[in-house]
Amino acid sequence: MMNALASLDWFLIATSLAKTVFLLFLVVLPMVSYTVYAERRVSALIQDRLGPNRVGFPTTLLGLKTDISPFLGGLGQPIADAVKLLLKEDFTPAHVKKFYYWIAPGLGIAAVIVTLAVIPFGSSFLGVPMVIANVNVGPLFIFAISSLSVYGIVLAGWSANSKYPFLGGIRSSSQMISYELALGLSVVPLFLILGRLNLPEIVQYQVKNGWLLLPFTDGKLTLKEVLLWIPVFISFVIFTISLFAETNRLPFDLPECETELVAGYHTEYSSMKFALFFLGEYAAMIAGSSLVVTMFLGGWHLPFIPDGANQGGLDFLHAVPAWIWGIVNITVFFGKVAALLFFFIWVRWTLPRFRYDQLMRLGWIYFFEIAFINVILTAGILAFFPN
Amino acid sequence: MSPLFFWIFSLLMLGFAASVVLNRNPVASALSLVVSFLGLAALYVSLDAYFIGTIQVLVYAGAVMVLFLFIIMLLDLKAEQRRKLNIAVTAGGVIVTLGFVAQLIHVLHRLPIGNQPFSALPAPLDDVRNVGTTLFSAYNLPFQVVGVLLLVASIGVIVLSKRELK
């Protein structure tokens, strides 16, 4: 037993724990609550309303004269919402299958959170690489773990033991299984181009050769890059749209289509158990956007900015200590993720919902085939330009 | 890798594998099988076989078992739970399993390789690349044959599931 404990690398364990705590509790979960807030404010902007713009931080409780309400106001709203959800009565209907009803919300969000482990959310900070698990199968790992999040929805729908959740659960899981194919197949061209599956190395490749979607970010543009841009762009479009379907977002939010199914698989849930589904949906958006940023948009890289070891970028910027650039890289990464999240919200409040047969036809007949042809196209271009 | 993880994950795997058989509720059995698959994947990963471990989760836990669960949920579970235990069948199953385990232990015990430690693999093991190059160079023809076989099977399923054959 002592030998077993001594063989563990305690520095690795400590830094991994620190990175996990930072990523989960200081970045992703606050980001989830403020994405909900952004969702409400942006929807209000699009529909010419005001949205939640009142709640500030209740500093009067601490004895100050006024509440603080910075910027546009309403920034205290997510905190108030979280408190409300935690304190609401947690009602369990009598007709549900208790055990499965209780584990379903946890299963849904746990799978999403685990996928964050392989995302490189920064270059390095004080010599520690900013990725929790540096594995050689990054994207495959993400697809594998996120395919487990279906269980949360299937079990929620089934254990609720009533009509609407069951139909919602069935719809959602068949939708997720269908779009997983397009999602996985659409990124194969990228792996043909990159020749590796390690996410930090994929980012390093993009630092050297320009972002895959914007190949001019390294300052030069070859004929091969221009030709490869076509399949990469097709991949990007299919991947992003499939991501909308995977995360059950509008225009593909049929599982919780209110007019037909009340609230879909979480109809019978209340309080924090409902909030976990809600959290899971937004965390899945963040995880998906992180993957898009890492694979297509250069991850933490921004032209002219050095990385966390003070390498690359403009020369006069090297005068600044390296750890500052480490923090800048992390900020750049989450800035890109936030921009994609804004895009998610924008689409939601712009497009109407698809019909179910349209959704299935889009996934199976169009995306699946286009992704296949895209693989062959990429292989052809790569065979034509071996170097 | 620490032997601690080996014990944790093999116990997890075996425990849930037993619960697949012992549970009367088909949904509980299916979910136990999922956890058992996850334990197996963790064992693969602990042997640095990341690719196999990930594919184990992606294919079995993420795709095959979801479809299983799907079908089970559409069935009437109460009939399955009410069914009586058939003593003759159970005894037969236990005897066959014990016989197999006894044989396995007997054979493995006398295998000379089993007592030798394996030499460590080279440190940065790029297993995805290794699997890929082996599959597409040494075993290219069998790989393509399997591909055609799967294509035939999927076309067969589509033809059979059409309501009327022309």
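1. Which helices do the buried residues of H4(A) pack against? In this predicted model, the partners in chain A are helix H5 (138-148), helix H6 (150-159) and H12. Chain B also contributes, through helix H2 (26-46). The buried residues of H4(A) include A:Tyr100, A:Tyr101, A:Ala104, A:Pro105 and A:Gly108. Further along, A:Ile109, A:Ala111, A:Val112 and A:Thr115 are also buried.

2. The geometry of H4(A) deserves a look. The helix has 18 residues. From first C-alpha to last, H4(A) reaches 28 Å, close to the 26 Å expected at 1.5 Å a residue. A kink of about 30° lies at A:Ala104.

3. A search of the whole structure gives 25 aromatic pairs over all chains. One of them joins A:Tyr101 and A:Tyr269. The pair is stacked, at 4.3 Å centre to centre and 5° between the planes. It links distant parts of the chain, 168 residues apart: A:Tyr101 is in helix H4 (residues 98-115), while A:Tyr269 is in the loop between helix H11 (258-261) and H12. Both A:Tyr101 and A:Tyr269 are buried.

4. A:Phe368 and A:Phe372 make an edge-to-face pair, with 5.5 Å between centres and 80° between planes. Both lie in helix H14 (residues 356-384) of chain A, 4 residues apart, about one turn of the helix. An α-helix has 3.6 residues a turn, so residues three or four places apart point the same way. A:Phe368 counts as partly exposed because its relative accessible area is 22%. A:Phe372 falls in that class because its relative accessibility is 43%.

5. Other aromatic contacts are worth checking. Ring pairs link A:Phe22, A:Phe121, A:Phe333 and A:Phe334 into a cluster. Two charged side chains also meet rings. The charged end of A:Lys97 sits over the ring of A:Trp158, 4.5 Å from its centre. A:Arg171 lies over the face of A:Tyr356, 5.2 Å from the ring centre.

6. Now the nonpolar cores. The largest has 74 residues. A:Leu190, A:Phe239, A:Met295 and A:Phe296 have the most contacts inside it. Helix H12 (residues 271-296) of chain A supplies the largest share, 11 residues.

Definitions and conventions
Residues numbered from 1 in each chain as written. Chains lettered and ligands numbered in written order. Predicted model: local features only at pLDDT ≥ 70, side-chain atom pairs only at ≥ 80, totals over all residues. Heavy atoms only, no water. Core = buried A, V, L, I, M, F, W, Y, C linked by side-chain atoms within 4.5 Å. Buried < 20%, exposed > 50% of the residue type's maximum accessible area, 1.4 Å probe, protein only. Helix = DSSP H or I, 4+ residues; strand = E, 2+ residues; numbered from the N terminus. Phe/Tyr/Trp six-rings, centres within 6.5 Å; stacked < 30°, edge-to-face > 60°. Lys NZ or Arg CZ within 6 Å of the ring centre and 35° of its normal. Expected span 1.5 Å × (residues − 1). Bend = angle between axes of the 7 residues up to and from the residue. Contact = heavy atoms within 4.5 Å.
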